[in-house]
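Thanks, everyone. I'll be quick. Here is the structure for today.

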Amino acid sequence: MIVALIIACEVGFWVLLAAGLALRYLARMPRLGAAVLLCEPLLELVLLAVTTLDLKNGAEPDWKHGLAALYLGYTVAYGHYTVKWLDGHAAHRLAGGPKPAGAGYGRARAVHEWKLWVRTVVGAAVALGLLQGAVLYVGGAGDVSSLRAWQLGALRAVGIHALVAVAYTVWPKRAPAGAGEQPSPTQARR
């Protein structure tokens, strides 16, 4: 049931996102669109409640609970970022807004990658906290090795993402011939 709920939450995220953006830009109902977009965190609260109830009702902790924790951590760290990124692109494509700035090249791209890495750290910290809470909740009564494995997986994701950021720092991405270095998204907004 947990896996089906995770899939439903992911599908629900994209459905609410599409509906919210369509209301904002196609139907010209920005307040209603914003209200729909604000409903997205409710999906994660439902997933958290159901996962907790599943463990409370005696379910053996396994990979499904670990996946739910990582999904929740990812959503906390990247959910708003994803909505904001897609909102900027929808405003550009559907409402004639300015083209969103890209990640850039050179130093700007490296800074962008390190900011994304910080988001990954935040997501991993949330997942680690939820997993540790589940380990403490289950206590010595159950096998928590699966939850521990997911904790290691979250730490591996942080390490791999750090390697990506280091690679962009040491070997910066160069602008295509004829294009200057693009400003970072924060520089472009100034």
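Start with the lining of the second largest pocket: six residues are nonpolar, three polar and two charged. Nonpolar here means Ala, Val, Leu, Ile, Met, Phe, Trp, Tyr, Cys and Pro; Asp, Glu, Lys and Arg count as charged, and the others, Gly among them, as polar. This is a predicted model: local features need pLDDT of at least 70, side-chain atom pairs pLDDT 80 or more, while totals for chains, interfaces and linings use all residues. Numbering runs from 1 along each chain as its sequence is written, and side-chain values use heavy atoms, without hydrogens or water.

A pocket is an open set of points on a 1 Å grid over the protein atoms alone, where a 1.4 Å probe fits, with protein on both sides within 12 Å along at least five of seven lines; lining residues have an atom within 4 Å of a point. Volume is about 210 Å³, taken as the space filled by probe spheres set on the points, which are joined across faces, edges and corners.

Which helix gives the most to the lining? H4, with five residues. Helices are DSSP runs of H or I, at least four residues, numbered from the N terminus.

Phe-13 is one of the lining residues. Beyond its neighbours within four places in sequence, Phe-13 contacts residues including Glu-40, Tyr-71 and Gly-79. Contact means heavy atoms within 4.5 Å.

Now His-112. His-112 sits in helix H5, residues 106–138. Is it buried or exposed? His-112 counts as buried because its relative accessibility is 15%; the cut-off is under 20%, with a 1.4 Å probe and protein chains only.

Definitions and conventions
Helix = DSSP H or I, 4+ residues; strand = E, 2+ residues; numbered from the N terminus. Buried < 20%, exposed > 50% of the residue type's maximum accessible area, 1.4 Å probe, protein only.
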